[in-house]
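Here is a colleague's note for someone opening this structure for the first time. Please read it with the model in view.

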Amino acid sequence: MTGPRPVPARAPRPARSSRPRPSRSGPSRSRSARSRPGRPRWRAVLGAGGRALPAVLAVLLVLVAAAAPLLAPYDPAAGSLHERLLDPGAPGHPLGTDGQGRDMLSRLLLGARPSLACGIAPVAVATLAGTALGVTAGLGGRVTEQVLLRALDVLYAFPGILLAIAVATLLEAGAGTTVVALSVVLTPAVARVAFTEARRIRSAEYLEAARVSGAGPLVLALRQVLPVVAPVVLVYSSSLVGLAVVYAAGLSLLGIGVAPPAAEWGAMLDELRPSLLTHPWIAIQPALTVLAASVVFNTLGEALRQRIGGDESHSAGATGAIGESHDSGAGSSDRGRHPAPEATR
Amino acid sequence: MSAEGPVGARAAGAGVGTGRESGRDPGRKPDSDPGREPDSDPGTTTGGAPLLAVERAVKRYPGGQLALDGVSLRIAAGGATGLVGESGSGKSTLARLVLGLLAPDAGTVRFAGHDPYRLRGRAARAVRARLQFVPQNPRGSLNPALRAGEAVALALRVHGTPRPERAERVAALFRQVGLEPELARRRPRELSGGQLQRVAIARALATGPDLVVCDEPTSALDRGAQARVVDLLTELRERTGLAYLFISHDLAVVRHLAEHVLVLRNGRVVEEGPAAALWDAPADPYTRALLAAATGRTAPAAPTAAPP
Amino acid sequence: MRRFLLRRVLLALPTLLGVTALVFATVALVPGDPLTAFLGPGAPPEARRELTERLGLDQPLPLRYANWLGHALRGDLGVSIAGQRPVRQLLLPALGQTLLLTAAAFLLVLVGGVLLGALGAGRPRGAAGRLSGALGTLAVSAPQYSVALLLVALLAVRWRLLPAGGTHDAFGGGGTADLLRHLVLPAVAAAVVPLGLTARVFRAALGGVLAGDLADALRSRGLSRAAVLRHCVHNAAPALLTIGGLQLAYLLEGVVFVETLFAWPGLGGLLYDALSARDLPVVQGGVLVVAVAFVGVNILVDAAHALIDPRIRSPR
Amino acid sequence: MTPALGSAPAPGPAPGPAPGSAPAFAAARLRVDDLTVGYPTPGGLVRAVDGVSLTVAPGDALVLLGESGSGKSTVARSVLGLPGRTARVTGRIHLDGTDLTALDERALGRVRGRRIGYLPQDPAGALDPLRRIGPQLVEVLLRHRRAANRRAAGPAAAALLARAGLPDPGRIARSRPHELSGGLRQRAALALALCGDPGLLVADEPTTALDALVQAEVLDLLAALRAEQGLALLLVTHDLAVARRVGGTVAVMRAGRIVETGPAGQVLARPAHPFTAALVAARPGAGR
Amino acid sequence: ATGSAAGAGDAASGGRGGTLVIGATGKLPNPDTVIGGAGFEGKRLVSFQIYEGLTRYDLSGTDAPPEITGALAESWTVAADARTWTFALRKGVKFQDGTPFDADAVVFNLDRYLAKGSEFYTDALGAAAKEYAGGIVQYRKTDADHVELVTKDPNGHFPEDLAHVLIASPAAVRATGSAGFARHPVGTGPFAFASQTEGQQIELVANKDYWRGAPRLDKLVIKPLPDVAARTAALRSGGVNWIEYPNPDDIDSLKAEGARIATNSYDHLWYWILDGSKAPWNDPRVRQAANYAVDRKAIAEKLLHGTADPAYQAAPRATFAYDPAGDLYSYDPAKAKQLLAEAGRADGFTTSVTVPTAGSGNLLPVPITEAIQRDLAAVGIKVEIRTTDWSTLIGAEAKGEVALGSDAVAQSTTLFQSEALLPLFIGSKSPFWTGHYSNPKVDQLLGSAAASPDRTARRTDYRSALSQVTQDAPWLFVVNDRNPRALSPKVQGLVQPQSWFLDLTTVWVST
Ligand SMILES: Nc1ncnc2c1ncn2[C@@H]1O[C@H](COP(=O)(O)OP(=O)(O)OP(=O)(O)O)[C@@H](O)[C@H]1O
Ligand SMILES: Nc1ncnc2c1ncn2[C@@H]1O[C@H](COP(=O)(O)OP(=O)(O)OP(=O)(O)O)[C@@H](O)[C@H]1O
Ligand SMILES: [Mg+2]
Ligand SMILES: [Mg+2]
């Protein structure tokens, strides 16, 4: 005695002229017009709508990082000042050589591991810690909230460089130190984003309902608040990956991070920075690499957000998800959601 | 002004009628004298504390709106009290007080001896599990990020149901309220109003509570679904001694489910008594008007003419 | 609202105290000392010793902090060790420049971020949506320094449209027009990443609202697209405010790479130099100013949150 | 499946059809042809509405009855062109002869609110949580030129609130949605739906949160609008008393389809379809 | 001394005028006399342009290190004890504020630097002046044109020291007080202070009454442009017309765009200080081996694009202790291996070096170190590079430590630009960390040199001392910088001496 059961998508009725569409297309004209044959197959490979693409690329990046020693044609530290700054395409050096005459390709490949570590690990730590702190502040009592927020303010107003110097003197140089320093730098901002989201919903009826049903603070935070907070936090923190790689390079100027001559993208970016105008094709490579990696993680963050956030928005209060499903209804906000004209014509 | 009955042990054979013995005449207007000492009623001495006791609760919202003005209410274990009244008269506010979502400005709220607003920590969870809620606005009360089944499963988890059993229990609860278990996989936005309402009911029943505060639990249900839910609630009450505070505009449902009824208007209880008595001989003009409107009889007095 | 603000301002005091104390301790404990930076490595030891005593650098840390605090409360931020000039004299102009740059960059961030975000929110998979997503992602991913340098190389060096750095032309420059011309490149360079971040977060937030019940309800009343968008933006504003506040704070702290590349004499560079020289008074003064600005931004953001959504002011 | 045709004569003078519209539609304010709405879900495509056709004439009322989840709200939302982002919709919807399905969002914006009023099932979600009720009303009044200017709109909004059965309209106008009780919100949403003086009102369970007295008031108001202004009413309810009181035509839905249509009195008193009979007969305790 | 114009040979006569805008690599100095605070660059571009000491470097030559000549003192004599100096002051010199320079002014300034009780003494001035004036135990005016200064110890290079003891206008100091003087500094130098925009620039104008004749420029503006790309861009976009230390890799393209690159040797050595107090560097053969292992030429020519010369010995080229015959360490890996084998380290070893990531005069510290690292690895010496910031590095050095506890530290130094500093670096009593190098012979030579007012005698001693240092190889000698600067083609008349300092009176900017 309940509603209709799900039925498999049926073929259009003969009377209707709606033509078969890929299963995800919706009423919007633009979409149907765009769905060419061949596209669905790609989608099948990459997951519907290419949703899996960012994940595939991220995995690829990690694989490259892992296999770099096998892929790299040269020792990344080997080079000669007599062969420095060769342009891409130089014999034996498809991507040219850097200011020390070292093979760019090898360095970019071998730089992947520390760079990804510096880019991802601090962001991951900051995301976890920041979300935990932000949600705690958002849900906690007045005192908890103020204490946490003010402490985070202190951390945020604390100059990042000083923090880095301090960390450097406390810990040995190396990727681990970079991760610690960057995590501390990034956490307060993530926490603030998480806090805003948590505060926005803290008096929501569904949280009251969850509290009434006896959920303790932990269950409340993890099972009720996190799914709502995570999407925006993910968008924010995935944006930080590229920044973290660049910041890591800034830290290596202070003696934190990987020691020369080890390859690391941020450090390479920095080393080649002055050559950007004289040897653009060399100097741009680490920049483009960082850019590409950051784009991959940003899109991954976006994809994750859609996963977690589900298909539609989270209440009227903002910041829900634009789900996969929007795809089909993409045109709806300005095109109306009426039956597609082509379906009736 | 009490509706006290035998002490609220669930096993105490609490069945239909346990909460019935009212200490006062049917149809009496109890709040005509708000300053009266409620505990002076000799009835309280007979059987210890009731499951729920609200004493002269007052609630004024920050904007200045006086939502409750000295309301008292008692529900014994296994009792079923109906709360009817004008829209905006404070019914939901009272429900929120009972649940500890709001603190009264004056007066007290006690559930099984605890102040639900001040409950903290581990004990709180145990008590909370015994006091459940079906909110008026089911869509708002379900987390948009969670699937319907997850919402219910979370309540089960709180209740201590081991993980492997949860899916089974969720499906069973869904069936009990008349929902296809498949719907558990949908998110709130993908469910109809009535479906959501039943998810909320399933969630409230999941923890095996002693008292469920139902704020318009069947307003979005068709007659069939409504009957099913009401029958379920009745059966649970008979079988397990579950008590209800039942808020509804649907007087037929209230009549069917509640033994004792309070009529609220402008934050005051204008009339209170056993359901049958109230229906048969409503004393307050507002009650009369309400009943008349609901049953199609002509109102003896215009509602607006009723005393404020 | 007034009480809310008062409470926030009072609560800011421990923050300021915390930041300055923490920074004080850290700078003092970190290796390197201001005297070497000031006197040069070759200074005779007795000169160092004497100056150490004169400046009270040999006193216990808490005492030094208390001293500093006492003076700071009276508006005296001390004298730079490395530069031997009153900290205030260094700080005020730098603050002015930073405020100017921040204002310009933040304007870009806000306008650009909101436009870009709004462009993408309604139709995330449409052409505009994809464009906005791509631009936002590119902006946050772009290595800032490289972008800034390319801007300089093209606009300042190659085409000579804009000056490469500084706040005014050394050759007979000056005046507002000159200043604005100099402001363009650093503001753009500083704005790129924050703009991308703002656009991305806002796009997500607004997208959520636009896909929600409220947007449908507004549409069902026949409100114009602009009106629907406006109200949805209003509802998405908390996320925008937070992200905007973070970006504002980031800019206020002084974007060091912009300041060095564009020779913009702001707080970031000043703080960086002072830190490099372990010039404690300047660091303390700078951090104090930054922290005050930061706390101020936070208070404004919170006040705006409370104005937008009165529910968050209600007690829990 | 027989399309529901207006059975009761229009009580009031019906406004003429939109200029240029096909005369065949002249009699119907709303005409829905073979509407099908599907939603993709993890479990497959859910066909929430499955080939529904119906018409409502000016001054007439069509009451959609049916079990929970049978697609009533989906029909209502589809008429507005707001079936949800994921929806896949086929069929045609004509309002006064205009094919709404052919309109773009801008054109729909001129139809919604002005020619179709909509009261959603969940009034809480329909109100902007951040704004006071008054300004929300004023905005719609101004948008549809029901008030000349902001100054005039204020009192007009209060009058509307009062008309929707709200006591103390001044306070309500000054309140934000979360400060209102369920019933107050529902009436505020009704006032919003009536703001544009629409020719067609789509009301999805408009009285669920109202006590019997206020409910009667609201239903009287709707009846008056039908009679005086030729308002066409598409009303979704599960409350048989409401259905009876509204009168007009009743269409009974089940699993996305209309299983029975007819004059209210007839369908409710002598249901032809066994499902309708079960629905009408159901009451608590009956099953045990 | 003879002078000849560096650069594109525009020694030509007549031109004058214009505004010279210099992009400096560091911060702006404090323009109050000796406080500076921006290293030699600050002195070079600002302090030495505003003020003069009793003596000055004669910067008009390009082919030899500059000698000391009279500035505010016309001549001087030293008593036999080599401690008592009498200076005959130059007559008719006026401060830029129009007040006359005289013996009272000298005493006033020395009071300001040395007399703790005096009204205008400040701790900072006192500490800053210690470096060069610290040895003065007595000073007095003998008559209006003469002052007598007595040093604590015999000090042969005292006249050179005095070039750094700058003389400010007493009237101006009195007018502003010591605290305010930095905002209105007045000296006798070729350029007068006009204005300072905090953190942005210092503007100087020609001192038309300069006693050596008015400078050709109208105006001199100094801008801090610490970022090398920003400096280059500023020159290219026309924002400045002179930059200090362009990026070596940019030099070709700058030249192609018409910029002139001026370079000349000066007293500069980029080196590693090896910690000789412990293994592996405690064996001189190992240190020598390292010195044979480095391909300095490649570093100087390829990496630094000819902006530096290879350093084959301890004495920098452009110093009077430099002996062309003293070049010892060619690039000879075979010899390096052989020495290592002799030292019993045929299999090589692992060691570490701390490198600052920046810092005054340090060129491109990390890339140079990376190149050295590869060269050393080729002979079996594996070096771990540890980077740190300049303050940490010198802070540790001042305590006699190496930051991060490495076996060596990379940096640059200047040995003779002021002889007063020399013992700091190679004397065994150096307060400063020198790798714990100590050789009594060197100490003795330095001591006798310092005491001798006779320049030739000093030179002989210094040469022997430095040749000993070269042999002992306490350092890894790498390159001598050539002090490159890039000039817009409109900048004329620059004479680039073999010095850290510059005479800007000959420069003008054509329009
Ligand atoms: N948060 C609040 N702030 C201010 N006033 C409020 C708030 N919540 C409720 N009110 C007011 O308090 C009164 C009682 O509200 P309540 O929700 O208890 O009514 P109700 O009896 O449940 O009505 P309904 O049947 O319409 O749901 C109403 O006038 C309402 O507007
Ligand atoms: N967005 C959606 N995605 C998937 N299924 C949906 C969606 N919206 C509605 N449905 C399903 O479509 C069916 C019809 O829903 P609808 O809201 O129209 O029912 P209704 O007749 O209004 O029911 P009620 O009386 O309970 O409000 C229901 O089974 C519901 O679960
Ligand atoms: Mg209510
Ligand atoms: Mg519905």
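Predicted model: local features only at pLDDT ≥ 70, side-chain atom pairs only at ≥ 80, totals over all residues.

1. Residues are numbered from 1 along each chain as its sequence is written, chains are lettered from A and ligands numbered from 1 in the order in which they are written, and side-chain values use heavy atoms, with hydrogens and water left out.

2. In chain B, the magnesium ion (ligand 3) is coordinated by B:Ser92 through OG and by B:Gln136 through OE1, at 1.9 to 2.2 Å. Donors here are N, O and S atoms within 2.8 Å of the metal (3.2 Å for Na, K and Ca), and water is not among the atoms, so sites may look incomplete. The two residues are 44 residues apart and link distant parts of the chain, with B:Ser92 in helix 1 (residues 91-98) and B:Gln136 in the loop between strand 5 (131-134) and helix 3 (148-159) of chain B. Helices (H or I, at least four residues) and strands (E, at least two) are DSSP runs, numbered from the N terminus.

3. In chain D, the magnesium ion (ligand 4) is coordinated by D:Ser73 (OG) and D:Gln121 (OE1), at 1.8 to 2.2 Å. This pair, 48 residues apart, also links distant parts of its chain: D:Ser73 belongs to helix 1 (residues 72-80), and D:Gln121 to the loop between strand 6 (116-119) and helix 3 (123-126) of chain D. Both D:Ser73 and D:Gln121 are buried, where buried means under 20% relative accessible area, exposed over 50% and partly exposed in between (1.4 Å probe, protein chains only).

4. For chain C, an unreviewed UniProt entry lists "transmembrane region" at several spans, including residues 99-122 and 287-308; UniProt positions are given in the numbering used here, feature names are shortened, and annotations may be inferred rather than shown by experiment. In the model, residues 99-122 of chain C are 96% helix and 0% strand, with end C-alpha atoms 34 Å apart, and residues 287-308 of chain C are 100% helix and 0% strand, with end C-alpha atoms 31 Å apart.

5. The axes of helix 10 (residues 225-252) and helix 13 (residues 280-308) of chain C come within 9 Å and cross at roughly 175°, which makes helix 10 of chain C roughly antiparallel to helix 13 of chain C. Axes are lines fitted to C-alpha atoms, for helices over the stretch in contact, and angles run from 0 to 180 degrees between N-to-C directions; angles over 145 degrees count as roughly antiparallel.

6. C:Leu218 lies in helix 9 (residues 213-220) of chain C and is buried, with a relative accessible area of 0%. Leaving aside residues up to four places away in sequence, C:Leu218 touches several residues, among them C:His231 and, from another chain, D:Arg131, contact meaning heavy atoms within 4.5 Å.

7. Chain E has an open sheet of four strands in the order 4-5-7-6, with antiparallel pairing; two strands pair if DSSP finds at least two bridges between them. Strand 4 (73-78) and strand 6 (136-143) of chain E stand at the edges with a single partner strand each, so one side of each is left without a neighbour in the sheet. Within strand 7 of chain E, E:Glu148 counts as buried at 16% relative accessibility.

Technical notes:
Parallel < 35°, antiparallel > 145°, perpendicular 65-115°, else oblique.
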